[in-house]
Each structure stands twice: as structure tokens, then as C-alpha cells.
Amino acid sequence: MSGGYGQYNPYGEQGYNQNPYDQANAVEQGQGNGTYEMNAIAEQPADATTLLNKCREINDGIADLKAKREGQLAAAQNAMLDSSTGKEDQVARQTLDYIEDEINNGFRYLRDLLKKIKQTPGSGDNRVQTQVDVTSRNLRREIEQYQRCQSDFQKRLREQVRRRYEIANPEATPEEIEQGVDSVLMGQEQSFQVTGSRTRQANDARQAALERSAAIRKIEQDMIELGRLYQEVAELVHMQEPAVEQISQDAENVAGNVANANTQITEAIASARRARKWKWYALLVVILIIAIVVGVAVGVTEANKK
């Protein structure tokens, strides 16, 4: 779909031929096929149909991420687990990093698009609010599925690191193996010693362990970011309506207050007019009374003279 928020295509279509790190960086910076470009929201409220179409676009993106998780990611994880040489390990991890970056970028894009919808004037429509709620749940559900998938994969990688460490250090005690594995997972490569006549096999084991430990550390960092992203998506549902709508409501309130004030002023003017009218009536009565009194006095005076 096309529209005010940019095209949804954070992945591109060039597969693994392109350097995975270059394309992932291009996605992050808003370049190339995968883009975070989002045009500024128009100041005028969007109609409900436009916003509902944007929600549909997000749900389509969620379906794409699910397909990528179940297809490409699963295949890349199996390739990493099945690799047996240093070269295979390196290629497998680069491919895995690329796909993980695509998925992470996709989640960020959909989060941002959902945020734009929520911030758009007109999103207070009941139909839009309901669809935003449904879309938010769908996005959070897919994030949870991805986190679960990565957690299971991380456990399998850790077990492989342990086995590779045992191969490279056959004389190590269980305590030494445990400490060595923890050190490797923390990125301390120097703790992985290679000695003896089985140098080639030990070197392959060492390379495999290091590639897997790097993959584990990346997953841990991704999990932290995904946790924050999940929380942000959840909070969007409870976000207050856009400030523009509040301003509109305030303007309506001001207009109502002005109309009410005008009504009160009109009533006050009418009341003042009625008061002035009664004052004239009272003055006329007083004049009439005075005239009568004067007339009576004059009549009595004239009668006395006669």
C-alpha cells in the first residue's frame, strides 16, 4: 500500500547476495529498499477509512514477519546449528545476523507506523480505536513468538558452545568447562585454549564456539530492545488522543462559552430595557399624582376666595 506514512517494505528483495550488514544499516538509516521514511502527518484529521487501511498495512507486515520467522530464520538457525567448519560457521552467522536485523527493523517500522496512526487527528473514531487495539495485540503476539523462538535457539547454541569447548579442552574438569564456557559467552576469546596434537579439530571447535557465542550475545541485546519495543506498542493503546483533537475540543468549548455569554448579555439587555420602561411608568404616575394634588389645592384655594 502507499500513503502518508511511506511504503512498507523494510526488507528488500535481493536475498543474501547483498552484504547483510550494508543492507541492515541502509534499512536503519532510511535508505534503499528497506526504508523508515515516513512523511509528516497532515494537520487535517484523516478519515477513518484511511487509518483503517494503515492498520491493515501493519497486519500485512506482521504476516510477513511471521513468514520470515518460520521460513528464512528457521532455515538460518538450522544452518548455524549444523555447520561443522570455521568457514561454514562464519557464513551461517552472517546470514543469521542479516535475517535477525531484517526482522528487528521490521518490528521497529511497524511500531513507528502504529504510533503515527495513533497520533493522527481523527484516530479517536471508535472503529479506528478498536482496530488499533487489535493490531497492537497482533504485533505484540508476533514479538512474543519471535522472542520465544530466539530463546530456544539461544539455549541450543549454548549447548553447542559447551560441546565445542569440551572438544578443544578434553582434559578440562567440569568446573573448568563451566567457567570456560561462561568466559567464551562473555566474549573473552583468550580463555579458549587450543593445545596438543588435535590442533585442527580444536581450532574448528574454537571457531564454532566463538561464532556461536557472538550469536548468543547478539540475541541477548536484541531481546533487550524487543522488550522495550513490546512495552511501547502496549502503551500506544492507552495513549491520549492527539493534541490537535484536544485543541479542537477546547475551541468548541470556547465557542459554547461565548454563545452562552452572548445569551446572558442579551437577557441582561432585555432586563435593563424592562427596568427602564417601568421607571418611566413610575415617573408618569408620580407626575399624575402631583398634578392631581396641585389641581385639588388650586381648586380649594379658589373656593375659599369666593
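Ser136 touches Leu114, Val233, Ala234 and Val237, leaving aside residues up to four places away in sequence; touching, or contact, means heavy atoms within 4.5 Å.

Before that, some ground rules. This is a predicted model, in which local features need pLDDT of at least 70 and side-chain atom pairs count only at pLDDT 80 or more, while totals for chains, interfaces and linings use all residues. Residues are numbered from 1 along each chain as its sequence is written, and side-chain values use heavy atoms, with hydrogens and water left out.

Is Ser136 buried or exposed? Ser136 is buried, with a relative accessible area of 0%. Buried means under 20% relative accessible area, exposed over 50%, and partly exposed in between, with a 1.4 Å probe and protein chains only. Ser136 is found in helix H4. Helices here are DSSP runs of H or I with at least four residues, strands are runs of E with at least two, and both are numbered from the N terminus.

Helix H3 covers residues 86-119, and its 34 residues should span 50 Å at 1.5 Å a residue; the expected span is 1.5 Å times one less than the number of residues. The end C-alpha atoms of H3 are 49 Å apart, which agrees. Of the 34 residues in H3, 24 are buried.

How do H3 and H4 pack? H4 is residues 126-168, and the two helices pack at about 160° with axes 11 Å apart. Therefore H3 is roughly antiparallel to H4, a label for angles over 145 degrees; under 35 is roughly parallel, 65 to 115 roughly perpendicular, and the rest oblique. Axes are lines fitted to C-alpha atoms, for helices over the stretch in contact, and angles run from 0 to 180 degrees between N-to-C directions. On the H3 side the residues that meet H4 include Leu96, Phe107 and Leu114; on the H4 side they include Val132, Ser136 and Phe153.

H4 also packs against H5, residues 174-185, at about 120° with axes 10 Å apart. That makes H4 oblique to H5. Among the residues making this contact are Arg158 and Tyr165 of H4, and Ile177 and Leu185 of H5.

Last, the whole chain. Buried residues make up 36% of its 306 residues. Among contacts between residues at least 6 apart in sequence, 83% join residues at least 24 apart.
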